[in-house]
Amino acid sequence: APPIGLGWFLCLLVAIFQAATQIEEQTIACTVELVAVIFTLMFLGPWCGGVMLEFSSNIVENFYKWIYV
């Protein structure tokens, strides 16, 4: 969710800036959003991967508990 939230926030700021300056270039908003999502994934990717690995490990380790309930 952090990359989506940051992308949405920056897209909103770019849209406000474009409306204020009457710039009608669509690639500016897309480029800013794409760069923001890529950098967010670069910095938060290891953390997100660790959370997903811990979650999936927990499921695999405790799977027998759910079978014999």
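Patches are made of residues with over 30% relative accessible area and no salt bridge, like charges being joined within 9 Å and nonpolar side chains (Val, Leu, Ile, Met, Phe, Trp, Tyr) within 5 Å. The model is predicted: local features need pLDDT of at least 70, side-chain atom pairs count only at pLDDT 80 or more, and totals for chains, interfaces and linings use all residues. Residues are numbered from 1 along each chain as its sequence is written, and side-chain values use heavy atoms, with hydrogens and water left out.

**View 1. A nonpolar patch on the surface.** Phe-55, Ile-59, Phe-63, Tyr-64, Trp-66, Ile-67 and Tyr-68 together expose about 870 Å² of accessible area (Shrake-Rupley method, 1.4 Å probe; for residues, only the protein chains shown count as cover). A salt bridge, which excludes a residue from a patch, is a side-chain nitrogen of Lys or Arg within 4 Å of a carboxyl oxygen of Asp or Glu. Helix 2 and helix 3 (63–67) each supply at least two residues, and helix 3 gives the most, with 4 residues. Helices are DSSP runs (H or I, at least four residues), numbered from the N terminus. Phe-55, in helix 2, has a relative accessible area of 55% and is therefore exposed (exposed is over 50%, buried under 20%, partly exposed in between; 1.4 Å probe, protein chains only).

**View 2. Val-14 in helix 1.** Helix 1 spans residues 2–21. Val-14 is buried, with a relative accessible area of 12%. Leaving aside neighbours within four places in sequence, Val-14 is in contact with Ile-28, Ala-29 and Val-32 (contact means heavy atoms within 4.5 Å). The C-alpha atoms of Val-14 and Asn-58 are separated by 41 Å, the two residues being 44 apart along the chain.

**View 3. Thr-40 and the buried residues of helix 2.** Thr-40 belongs to helix 2, residues 26–61. Helix 1 is included in what covers them. Not counting residues up to four places away in sequence, Thr-40 touches Pro-2, Pro-3, Leu-6 and Gly-45.

**View 4. The kink at Leu-44.** Helix 2 has a kink of about 55° at Leu-44, shortly before the proline Pro-46. The bend is the angle between axes fitted to the seven residues ending at a residue and the seven starting there.

View 5. Cys-11 is partly exposed, at 25% relative accessibility. Cys-48 is partly exposed, with a relative accessible area of 25%.
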